[in-house]
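Visitor: Could you walk me through this one? I'd like to start with the terms you use.

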Amino acid sequence: MLYSAGFEFEYALVTEADDAATFHDFTDLDFEVLQRALADGAGATDDDLVRGDLGIKSGYWYLEGDERFDADGTFTSMLVKGVEIRTPICASTVAAADRLADLQDDLVERLAPLGLQLGIVGFNPVREAYVVDPPLNAWEERMRAEHREYDHAEVSNLSYGPDINVSFPGASAQDVVEMTRRLTHYSPFMVPFSFSSPFHAGRPWRGPSKRTYERTWRRVAARCFVEPPVGAEATMVHPPRIPREEGRIEFKAFDAFTSRELLLAGAALTLGVCLAGDLPGLADQPSRDLHQRCATEAFADPEIAAGARAVLAAARRALAGTPEASHLDPLDRLLSEGRTPADSLLEEYSHTGQMYRSEGLR
């Protein structure tokens, strides 16, 4: 099986001390200080990266948050939620995970002089809400109406998660769009394996994924980069911005995986669903009902559990005979036990009071 893969992984920024732990976000992270600390990182000359037009996304790591502009459209600052690592394009998910680990180690060194560490969680566990302050000016309102990636900042600036990027040599634009639609349809049965956001406003929430409950149905579950066929869903299918992006599929609905093992499992599941021609479901928009049900009930919901079993079995068939097939094993264990990673986070919280993982991805 020939394919290419890459990961984008959003981290929270935290401070750990003997007597206190602090979760940092847009209320206390200084964009300019962080930007200077992270400047000139690896990947600045990688022509396979989409760089954006603000000079912020210039390498393998960059700050994530809500960008603000003045009335004339000049960038002024960012309300930072955390930092993102993106790997170069790799020949396998294992190679991409190895590269992510190396970049994470480099980033940890950059952040250490600021007293900051990398944290993993699917949704901001301490903040009640993100309110755009000051309110959007007229230029920002027009820009956000035109560029849908700015939609729902009140949710995206609280949430963290990976993008699983895959592409398949020789796949036609029609094939790529079909795979993206398949991922969108089966997303509610895939995402419980990643759930890591059982907290909100400083306390346990009513389900394992506040992120999925608020985000996934508002924003795309998956998107792709090909020349859009006639009638293609505009939020799902985008023209490639650089030649190397042609054919890229990006699954965006997972919570933040809490371990390397689970990241590889989620990537294998994504590959398997893309290739599973025996999965008949296709959708242009993610289901609000199913995503909110899985966010509150996970595998306790019979339909979600049955869908997860069907998707996992189909992915195994599609990956049969490949090394990636064995990466699905942790998902079998979670499903058989009716657990998600959020259960482990809640158990840790009951002993330590901590609502996130603070060692980065291991």
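Guide: Happy to. Contact means that heavy atoms lie within 4.5 Å. This is a predicted model, where local features need pLDDT of at least 70 and side-chain atom pairs count only at pLDDT 80 or more, while totals for chains, interfaces and linings use all residues. Residues are numbered from 1 along each chain as its sequence is written, and side-chain values use heavy atoms, with hydrogens and water left out.

Visitor: Great. So what does Glu-140 touch, leaving aside neighbours within four places in sequence?

Guide: Glu-140 is in contact with Glu-67, Arg-68, Phe-69 and Pro-135. Glu-140 belongs to helix H3; helices (H or I, at least four residues) and strands (E, at least two) are DSSP runs numbered from the N terminus.

Visitor: Buried or exposed, that Glu-140?

Guide: Buried, at a relative accessible area of 0%. Buried means under 20% relative accessible area, exposed over 50%, and partly exposed in between (1.4 Å probe, protein chains only).

Visitor: Which other residues of H3 are buried?

Guide: Met-143 and Arg-144 are buried along with Glu-140 in this helix, which spans residues 138-146. Seen down the axis of H3, the buried residues fall within an arc of 95°, so they line one face; the arc is that of the directions from the helix axis to the C-beta atoms. Arg-142 and Glu-146 are exposed on the other side of H3.

Visitor: And what do the buried ones pack against?

Guide: Strand E3 (61-69) and helix H4 (153-156).

Visitor: Switching topic: where does Ser-197 lie?

Guide: In the loop between helix H5 (173-190) and strand E7 (199-200). Ser-197 is buried, with a relative accessible area of 0%.

Visitor: Which side chain does Ser-197 make a polar contact with?

Guide: That of Asp-255, at 2.8 Å. A polar contact is a pair of N or O atoms within 3.5 Å; within protein, one must be able to donate a hydrogen and the other to accept it, and residues adjacent in sequence count only if both atoms are side-chain atoms. A polar atom of the Ser-197 side chain also lies 3.2 Å from the backbone nitrogen of Arg-211.

Visitor: Last one: how many residues are in the largest nonpolar core?

Guide: There are 84, and those with the most contacts inside include Phe-193 and Leu-269. Such a core is a set of buried Ala, Val, Leu, Ile, Met, Phe, Trp, Tyr and Cys residues joined through side-chain atoms within 4.5 Å. Helix H7 (residues 260-275) gives the most to this core, with ten residues.
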